[in-house]
Amino acid sequence: MALINQASKEIQVKVVYYGPALCGKTTNLVKVHENVQVAGDKGKLVSLANQTSDRTLFFDFLPIEAMSIKGYKTKFQLYTVPGQVIYNTTRQLVLRGVDGIVFVADSQYDKMSENVESFANLEENLRALKLNIADIPYVLQYNKRDLPNVAPVDYMEFLLNNREVQVPSFEAAAPKCEGVFETLNMITRMLLHKLLSQTSSPKPAAAVAA
Amino acid sequence: MTGTLPQLIEEDVEEIEAIFADFLNKAEADSVLLTAEGGFLVSEHGNTKKLDTMSLGALASNSFEANKAIAGLIGEPSFSSIYQAGETFSMYVQSIDGYNLMVVIFPVTTAVGAIKYYAQAARDEVAKVFNRAKKRDPDAGLDLAMMNMADSSQIFRRK
């Protein structure tokens, strides 16, 4: 649920990177953090990860400010969820208040069932929060395209993007930062357009949750 | 479209400022953040210049939500507050209305009992401001038509 603060001319939006274990969600945030151009201070990437295995325990969090649009500062909060199946309660917590989702799929052939299972889990967790995937802007990222044993994109589209309304999808190799910014820019674009379409009547508000 | 944070006019914002200034003074706390559901930072008060308030607000909010989930596991309807003791500074997080939180940072020399006592009074006052704002105009929208989205393809630029 985006926060629009008219007093400080700020828009805050929450984007969650979702997907199966080891698909590259954290790598996406690391690469955004390393490579993004920012005007002021760059936000810190906070990783609540296992100290020994570096697997995400709770979430990764990256606050990041985008370019101002007509005087409005747009602040994005990027989160990842832990991909491991046992951490479902945590995934539900992180999804609370979500505005947009990047579903990161692992392109390796033997990961297809995990991708499908994870997407079903996403829909289920959204339902538990009384949300519907059809009402939330989301994009798909087919990650790890640089590996040798990847499934064709058409096949992944058939498995994950075979709904009434197809969403934008991107091929990526996150460690090389390929496809990372394309994915992020598309979800932010969709989110801001949705905010614009939802907020139409002029009011003297200082802050509102959209 | 129903928000968890009501529309606040300037008068509300000023009143919240005054409530938290009074709270900081009476409780001898260092700073207080107001956060909304999802970890968004709404406002900050007190000595916040050296704090990464955006990360602090998000982490405190998620920590509070995790504790609510723990409450459910032990059969409690919810924990209404959490307290983390440090060596120099401590943190007290309290729900205002089930969605919005106040995150209080205070030196360990200040008694947590005093923080809790004054925080409850501040919570009630802020909740009154929220209730009044909700009654005033619960379904109002916000005009963002002045935002030009024609050039939104490159919102984030790579180095």
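1. Basis. The model is predicted, and local features are given only at pLDDT of at least 70, side-chain atom pairs only at pLDDT 80 or more, while totals for chains, interfaces and linings use all residues. Residues are numbered from 1 along each chain as its sequence is written, and chains are lettered from A and ligands numbered from 1 in the order in which they are written.

2. Chain A overall. Chain A has five helices and nine strands; helices (H or I, at least four residues) and strands (E, at least two) are DSSP runs, numbered from the N terminus. Along the sequence their order is β-β-α-β-β-β-α-β-α-β-α-β-α-β. Of its 210 residues, 48% are buried. A residue is buried if 20 or more other C-beta atoms lie within 10 Å of its own, exposed if 12 or fewer, and partly exposed in between, with C-beta atoms placed from the backbone. Among the contacts in chain A with a separation of 6 or more, 72% are between residues 24 or more positions apart; a contact requires C-beta atoms, placed from the backbone, within 7 Å.

3. Strand β6 of chain A. All seven residues of β6(A), 100–106, are buried. One side carries A:Gly100, A:Val102, A:Val104 and A:Asp106, and the other carries A:Ile101, A:Phe103 and A:Ala105. Side chains in a regular strand alternate between the two faces of the sheet. β6(A) runs parallel to β2(A), with four bridges between them, and A:Tyr17 is the bridge partner of A:Val102. Strands count as paired if DSSP finds at least two bridges between them.

4. Crossover. β6(A), α3(A) and β7(A) form a right-handed β-α-β unit. Right-handed here means that, with the strands pointing away from the viewer, the path from the first strand over the helix to the second runs clockwise.

5. Helix α2 of chain A. Within α2(A), residues 88–95, the buried positions are A:Thr90, A:Arg91, A:Leu93, A:Val94 and A:Leu95. These residues pack against β2, β4, β5 and α3 of chain A, together with α2 (53–73) of chain B. A:Gly97, just after the helix, has a positive phi of about 75°.

6. Helix α1 of chain B. The 18 residues of α1(B), 10–27, should span 26 Å at 1.5 Å a residue, and the end C-alpha atoms are 26 Å apart, which agrees; the expected span is 1.5 Å times one less than the number of residues. Its buried residues are B:Asp12, B:Ile16, B:Ile19, B:Phe20, B:Phe23, B:Leu24 and B:Ala27. They cover an arc of only 130° around the axis, which puts them on the same side of α1(B); the arc is that of the directions from the helix axis to the C-beta atoms. On the other side, B:Glu10, B:Glu11, B:Glu17, B:Ala18 and B:Asn25 are exposed. The cover over the buried residues includes β1, β2 and α3 of chain B. Just after the helix, B:Glu28 has a positive phi of about 60°.

7. Strand β1 of chain B. Six of the six residues of β1(B), 31–36, are buried. B:Ser31, B:Leu33 and B:Thr35 point one way, and B:Val32, B:Leu34 and B:Ala36 the other. β1(B) is antiparallel to β2(B) over six bridges, with B:Val32 partnered by B:His45. Three residues separate the two strands of this hairpin, and B:Gly38 in the turn has a positive phi of about 95°. β1(B) is also antiparallel to β5(B), through five bridges; B:Thr35 stands opposite B:Leu101 there.

8. B:Tyr99. This residue lies in the loop between β4 and β5 of chain B. B:Tyr99 is partly exposed, with 17 other C-beta atoms within 10 Å. B:Tyr99 and B:Gly38 are 61 residues apart in sequence and 8.8 Å apart in space, C-alpha to C-alpha.

9. Positive phi in loops of chain A. Most residues other than glycine have a negative phi. A:Leu22, in the loop between β2 and α1 of chain A, has a positive phi near 60°. A:Leu22 counts as partly exposed, with 17 C-beta neighbours inside 10 Å. A:Lys130 also has a positive phi, of about 60°, and lies in the loop between α3 and β7 of chain A. With 6 C-beta neighbours inside 10 Å, A:Lys130 is exposed.

Terms used:
Contact = placed C-beta atoms within 7 Å.
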